[in-house]
Amino acid sequence: MDKPFVAVATVDEIATGKFVKVEVDRRDFIIARVDDNYYAVEDNCSHEDYPLSYGCLDGKRIKCSLHGSRFSLETGIPEDEPADQPIATYRVQVADGKIWLDPSRPLTS
Ligand code: FES
């Protein structure tokens, strides 16, 4: 896999319905798996800069554990108040049994 992709986990490390927190260049990301699809989002709730990795997955959403906003893993858009701003999402690819993240620029933010 060419730059800017970085290997951040192996496929075996993430069960479906789960996520892992990874750090790349001192930035925290969440790599989530739903069925056989992988998603990457910033590990930061847009409401009060709280780690989303303290929360849990709810289908294709990640739920903030502080006030309960759920964000789409696909678009980063919040689906519940109080958050009203999206979180950043990033490109991920699977190759050679690994999950690769492009941390260079968000797809959405
Ligand atoms: S800090 Fe996440 S919803 Fe308030």
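**Exercise 1.** Find how strand 1 and strand 9 pair, and over how many bridges.

*Solution.* Strand 1 and strand 9 (residues 98-102) run antiparallel and share four bridges. Strands here are DSSP runs of E, at least two residues long, numbered from the N terminus. Two strands pair if DSSP finds at least two bridges between them.

The model is predicted: local features need pLDDT of at least 70, side-chain atom pairs count only at pLDDT 80 or more, and totals for chains, interfaces and linings use all residues. Residues are numbered from 1 along each chain as its sequence is written, and side-chain values use heavy atoms, leaving out hydrogens and water.

**Exercise 2.** Give the strand order of the open sheet and name the strands at its edges.

*Solution.* The order of the six strands is 1-9-8-4-3-2, with antiparallel pairing. Strand 1 (6-10) and strand 2 (19-24) each have a single partner strand, so they stand at the edges.

**Exercise 3.** Classify the ring pair of phenylalanine 29 and tyrosine 90.

*Solution.* Rings of Phe, Tyr and Trp (its six-membered ring) pair if their centres lie within 6.5 Å; planes under 30 degrees apart are stacked, over 60 edge-to-face, the rest tilted. The whole structure has two aromatic pairs. In this one the centres are 5.0 Å apart and the planes at 85 degrees, so the pair is edge-to-face. Phenylalanine 29 lies in strand 3 (residues 27-34) and tyrosine 90 in strand 8 (residues 89-95), 61 residues apart.
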